[in-house]
Amino acid sequence: MSADTSFAKRSNRAAILFLSPALLFVFAFVAYPVAYAGWLSLFRWDGASMPVFLGAGNFVRLAGDAIFWQALFRNILVALSAIVLQVFLALAIAYCLVRIVPAFSRIFLFFYLVPVMVSEICIGLLWRFMYNPYFGLVNAGLSAIGLGGLKRGWLGESETAFTAVVVVMSFTYLGLYVLLFVAAVRNVPESVYEAAEIDGAGDFRKFFSITVPMVWDAVRANSLLAIIGSLKTFSLVFVLTNGGPNHASEVVSTYLYKMGFGSFEMGYAAAIGFAQMVLTALGAWIAFRYMKRIGAGAGAWS
Amino acid sequence: MTAVRRWNLTSTIVLAVLTAHVLMVIFPFFWMIYSTFKTNREFMRSVWSLPKSFSLDAYVGAWSGGALGGYAVNSLLIMAGATLITVVLATLAGFALAAYRPRWIPAVELSMTAAMAIPAYVALVPLVVMLRGAGLLDTHLGVILPTAAFNVPVSIFIMQAFFNTLPRDLFDAARMDGASEWKIFLRVALPIARPAMFTVAIVNMIWVWNDFLFPVVFINSPSRKTLPVGLTDFVGEHITNYPVMLAAILIAAIAPLVLFVFFERQITAALIGGAVKG
């Protein structure tokens with residue numbers, strides 16, 4: 001037996017040994033529960049008495065559940081707003097920090113990251129003060145600039161609750177993307193900018209024709225991160241509005257929580273989570289194929 | 001490297017706009033800090049002004065008036081347990097992903113990436129059933145195990161990114177000397193990996209400390225609640241005294257902020273390392 005195959009055998013065995021604790025652990029507490037959710041979604045169950053087998057009953061009910069579809073739609077809106085208000089805004093800020101005011105980039109980055117570090121519960125509680133209908137800063141600010149007529153209870157009214165939550169989200173997670181883009185923008189070689197400067201390019205030109213294409217991989221990766229994060233969102237919505245008033249700011253996670261642990265419809269709650277996962281996986285697959293086509297057309301896909 | 005740029009009108013405008021923006025982002029935190037030094041009466045008179053007096057009553061009220069100390073201890077225990085499990089498993093697995101490349105490794109990486117994308121709430125109902133069956137519902141361990149599991153995939157990638165930076169010769173030299181793979185991990189890889197493990201530990205501490213979904217669902221007993229969950233109870237009970245409420249929020253927020261101030265470099269490196277792979 002040659003040394004090569006014996007090392008291959010040896011490394012195969014070592015890899016299995018070193019990986020198996022983590023894999024077993026993730027299997028037991030992530031993969032297995034997700035599959036189990038698929039099984040539980042076939043039952044009507046209050047969490048205590050005997051489960052009643054429904055077959056596809058929960059999914060039939062789900063298909064006609066307007067609250068679920070609206071919640072899922074809101075998750076998608078959160079994702080779209082995150083791509084614009086977090087990812088693209090962060091890219092512009094990162095360009096400014098690295099290229100225009102580099103001396104201040106560290107201190108700005110530090111402050112942008114503060115909300116990323118703090119618990120979403122704390123942030124949500126603080127923003128409840130900002131939005132307070134009686135003494136909130138948002139209303140006080142509107143009065144100060146002569147728009148007192150627009151004052152309202154932002155989190156308590158159906159028309160504004162969801163938008164108010166999205167605003168808090170965009171402030172809270174922005175810093176993560178600023179950090180990631182600062183790292184990416186710093187990697188663009190100086191010589192490329194110098195060549196553009198000789199041609200007389202200003203900051204706008206440099207941003208759109210050098211920085212954006214050069215960090216496009218990071219834009220794609222960060223957008224994906226923002227989409228995944230948006231589908232996971234729970235704590236901020238829970239503490240700000242708990243999906244209310246009257247489901248006006250409901251997202252999938254808060255609806256699942258209410259169904260499972262408010263109404264004790266465990267089977268239905270499992271179905272909500274399972275359906276959300278399958279639908280987003282499907283959406284991701286379609287988006288991936290679509291993006292690949294565009295990317296291939298533009299020659300940007302690597 | 002960025003060349004030194006001439007300061008011009010654009011720089012001034014950009015600096016002004018960014019300053020205004022960052023102030024909006026962090027104003028709630030500034031406001032929280034200075035408002036805790038007010039008395040409730042001063043707060044009610046003018047909610048947004050800076051404090052005229054310097055009173056620590058709010059902190060005394062927050063600490064004595066509630067169970068915050070107990071919540072903090074619970075958070076600390078869960079944080080320590082989950083972080084320990086995650087760091088150990090992620091170090092072993094991250095080393096394996098970087099050091100060995102059997103054909104099936106990409107499949108492992110793909111499944112870890114998929115696990116990172118799964119929202120924790122999908123597993124919520126089954127986890128309750130599983131934990132109840134194991135007698136772990138309403139215990140710290142019942143929160144620790146799933147919390148650690150959901151943080152393992154991203155932590156593996158951070159560790160793998162670190163081990164990838166090490167030269168292969170390092171391990172080959174030890175192999176020539178007849179060391180077993182376990183010895184190579186223990187004697188060669190582990191000592192150099194300490195800073196990376198520390199980095200993974202710090203970000204996990206922040207994530208676990210701030211986590212809300214698992215503790216709020218899995219724990220019922222007030223004496224076992226974590227700080228973010230207990231805080232929502234506390235705020236409900238102290239609705240009339242705003243500075244006390246804000247002091248409680250500050251107490252819950254302070255641990256991650258202190259970690260961030262001291263370990264900014266490690267934390268930002270971990271976030272970049274984890275995101276690039278994800």
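Which residues in helix 8 of chain A meet which residues in helix 9 of chain A? On the helix 8 side they are Val192(A), Tyr193(A) and Ala196(A), and on the helix 9 side Arg205(A), Lys206(A) and Ile210(A). Sorted by kind, the residues of this contact come out as four nonpolar, no polar and two charged. Keep in mind that you're looking at a predicted model.

Now for how these two helices sit. Helix 8 covers residues 190-198 of chain A and helix 9 covers residues 203-214, and their axes are 11 Å apart. The packing angle is about 130°. Angles over 145 degrees would count as roughly antiparallel and 65 to 115 as roughly perpendicular, so helix 8 and helix 9 of chain A are oblique to each other. As helix 8 of chain A passes helix 9, the crossing is right-handed.

Next, the two chains. Here's how they touch:

| Item | Value |
|---|---|
| Chain A, in contact with chain B | 74 residues |
| Chain B, in contact with chain A | 71 residues |

On the chain A side, helix 1 (residues 3-40) gives the largest share, with 18 residues. That side of chain A splits into 60 nonpolar, eight polar and six charged residues.

Finally, take a look at Ile145(A). You'll find Ile145(A) in the loop between helix 6 (137-144) and helix 7 (161-186) of chain A. Is Ile145(A) buried or exposed? It has 8 other C-beta atoms within 10 Å, so Ile145(A) is exposed, the cut-off for that being 12 or fewer. Ile145(A) is also 65 residues from Leu80(A) in sequence, and their C-alpha atoms are 30 Å apart in space.

Technical notes
Residues numbered from 1 in each chain as written. Chains lettered and ligands numbered in written order. Predicted model: local features only at pLDDT ≥ 70, side-chain atom pairs only at ≥ 80, totals over all residues. Contact = placed C-beta atoms within 7 Å. Helix = DSSP H or I, 4+ residues; strand = E, 2+ residues; numbered from the N terminus. Nonpolar A, V, L, I, M, F, W, Y, C, P; charged D, E, K, R; others polar. Axes fitted to C-alpha atoms, helices over the stretch in contact; angles between N-to-C directions. Parallel < 35°, antiparallel > 145°, perpendicular 65-115°, else oblique. Left-handed = near helix turned anticlockwise from the far one by under 90°. Buried ≥ 20, exposed ≤ 12 C-beta atoms within 10 Å, placed from the backbone.
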